[in-house]
Structure formats: structure tokens, C-alpha cells
Amino acid sequence: MAQSMLVTAWNLAIGGGGLLGGILLETLGSSSFPWALLILMLLAFIVSWRAKNHEFSPKK
């Protein structure tokens, strides 16, 4: 079940990226791609920065 959820999440991410890229290309042109990438990278950084407070601690 976990494997099928992972495959579904990856496929949704690939499809969503294609859809978002197509919309950006049609509306704002290819110059919008670096800014969209910057926003996505900042979101990923914020999520990973906040997730470090919830990491698993090593067993002693």
C-alpha cells in the first residue's frame, strides 16, 4: 500500500509540474521559470528547516 501511495504521489508531482510549467509558459513566458523555482526552493527549505524539530532522535 505504501508503495502505491509513493508512486501516486510521484505521478501527481510530475503531472502537476508539467501543468504548472505549461501555465507559466503560456501566461508569463519562460522568464518566469527561475522565479517559480526560487519560490519552490524556499518552500522546500522552510519545510526542511521546520522538520528538524521533529526528527527522530538516536536510541541510546
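This report describes the fold, surface and selected residues of a predicted model.

## Basis of the model

The structure is predicted: local features need pLDDT of at least 70, side-chain atom pairs count only at pLDDT 80 or more, and totals for chains, interfaces and linings use all residues. Residues are numbered from 1 along each chain as its sequence is written, and side-chain values use heavy atoms, with hydrogens and water left out.

## Overall form

The protein contains two helices and zero strands (DSSP runs numbered from the N terminus, with helices being H or I of at least four residues and strands E of at least two). Its radius of gyration is 16 Å, whereas a compact globule of 60 residues would have one near 10 Å (taken over C-alpha atoms; the globule rule is 2.2 Å times the number of residues to the power 0.38). Along the principal axes, the C-alpha atoms fill a box of roughly 55 × 30 × 10 Å.

## Annotated segments

The unreviewed UniProt entry lists residues 7–25 and 31–51 under "transmembrane region"; such positions are given in the numbering used here, feature names are shortened, and annotations may be inferred rather than shown by experiment. Residues 7–25 are 100% helix and 0% strand, with the end C-alpha atoms 27 Å apart. For residues 31–51 the figures are 90% helix and 0% strand, and the end C-alpha atoms are 32 Å apart.

V7 lies in helix 1 (residues 2–27). V7 and S48 are 41 residues apart in sequence, and their C-alpha atoms are 22 Å apart in space.

Of the 60 residues, 5% count as buried (buried is under 20% relative accessible area, exposed over 50%, partly exposed in between, with a 1.4 Å probe and protein chains only). V7 is partly exposed, at a relative accessible area of 40%. The protein exposes about 5800 Å², of which carbon and sulfur atoms supply 74% (Shrake-Rupley method, 1.4 Å probe; for residues, only the protein chains shown count as cover).

W35, L38 and L42 make a nonpolar surface patch of about 340 Å² (residues with over 30% relative accessible area and no salt bridge; nonpolar side chains, Val, Leu, Ile, Met, Phe, Trp and Tyr, are joined within 5 Å, and like charges within 9 Å; a salt bridge is a side-chain nitrogen of Lys or Arg within 4 Å of a carboxyl oxygen of Asp or Glu). L42 is placed in helix 2 and, at 46% relative accessibility, counts as partly exposed.

## Aromatic pair

One aromatic pair is found in a search of the whole structure. The ring centres of F45 and W49 are 5.7 Å apart and the planes stand at 35°, so the pair is tilted (rings of Phe, Tyr and Trp, the last by its six-membered ring, pair if their centres lie within 6.5 Å; planes under 30 degrees apart count as stacked, over 60 as edge-to-face and the rest as tilted). Because F45 and W49 are four residues apart in helix 2 (residues 33–51), about one helical turn separates them.
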